[in-house]
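Visitor: I would like to learn how to read the side-chain contacts in a model. Please take them one kind at a time.

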Amino acid sequence: MHRRIAALAVTAGAMLLGTASTASATGPGFFLRSHHGSLAECQAVGNAGADNALWSRVFICNPFAGKAGVYELWVRY
């Protein structure tokens with residue numbers, strides 16, 4: 001029981017640290033929009049949103065620190 005609680009606390013802490021490191025890398029004015037399975041998919045969605053004036057041409061696709069192979073789309077409105 002104690003091992004499960006400790007493992008849960010470590011996992012939650014790692015997720016918080018991973019989110020914080022990604023958010024700080026984007027800088028102020030960016031907002032998390034979505035998660036994607038590849039960098040190409042993230043860039044395609046970013047370009048499509050910019051083409052349709054949903055957000056500006058300035059967007060960032062960052063690797064998600066919490067899980068390998070997942071990319072976050074950060075946009076500016």
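Guide: What follows goes through the side-chain contacts of this structure.

Guide: This is a predicted model, where local features need pLDDT of at least 70 and side-chain atom pairs count only at pLDDT 80 or more, while totals for chains, interfaces and linings use all residues. Residues are numbered from 1 along each chain as its sequence is written, and side-chain values use heavy atoms, with hydrogens and water left out.

Visitor: How many disulfides does a search of the whole structure find?

Guide: A disulfide is a pair of cysteine sulfur atoms within 2.5 Å. The search of the whole structure gives 1 disulfide. Cys 42 and Cys 61 form it, with sulfur atoms 2.2 Å apart. Helices (H or I, at least four residues) and strands (E, at least two) are DSSP runs, numbered from the N terminus.

Visitor: Which hand does the disulfide of Cys 42 and Cys 61 have, and why?

Guide: The torsion about the S-S bond is about -95°, so the disulfide is left-handed.

Visitor: Is Cys 42 buried or exposed?

Guide: Buried means under 20% relative accessible area, exposed over 50%, and partly exposed in between (1.4 Å probe, protein chains only). Cys 42 is buried because its relative accessibility is 0%. Cys 61 has a relative accessible area of 15%, so Cys 61 is buried too. Pro 63 is also in strand 2, but Pro 63 is exposed, with 53% relative accessible area.

Visitor: Which residues form a salt bridge?

Guide: Side chains of opposite charge can pair when their charged atoms come close. The rule asks for a side-chain nitrogen of Lys or Arg within 4 Å of a carboxyl oxygen of Asp or Glu. By this rule there is 1 salt bridge. Asp 51 forms a salt bridge with Arg 57, and the closest N and O atoms are 2.1 Å apart. Both residues, Asp 51 and Arg 57, are exposed.

Visitor: How many aromatic pairs are found?

Guide: Rings of Phe, Tyr and Trp (its six-membered ring) pair if their centres lie within 6.5 Å; planes under 30 degrees apart count as stacked, over 60 as edge-to-face and the rest as tilted. The whole structure holds 1 aromatic pair. The ring centres of Phe 31 and Tyr 77 are 5.8 Å apart and the planes are at 50°, so the pair is tilted. Phe 31 is partly exposed at 47% relative accessibility, and Tyr 77 is exposed at 57%.
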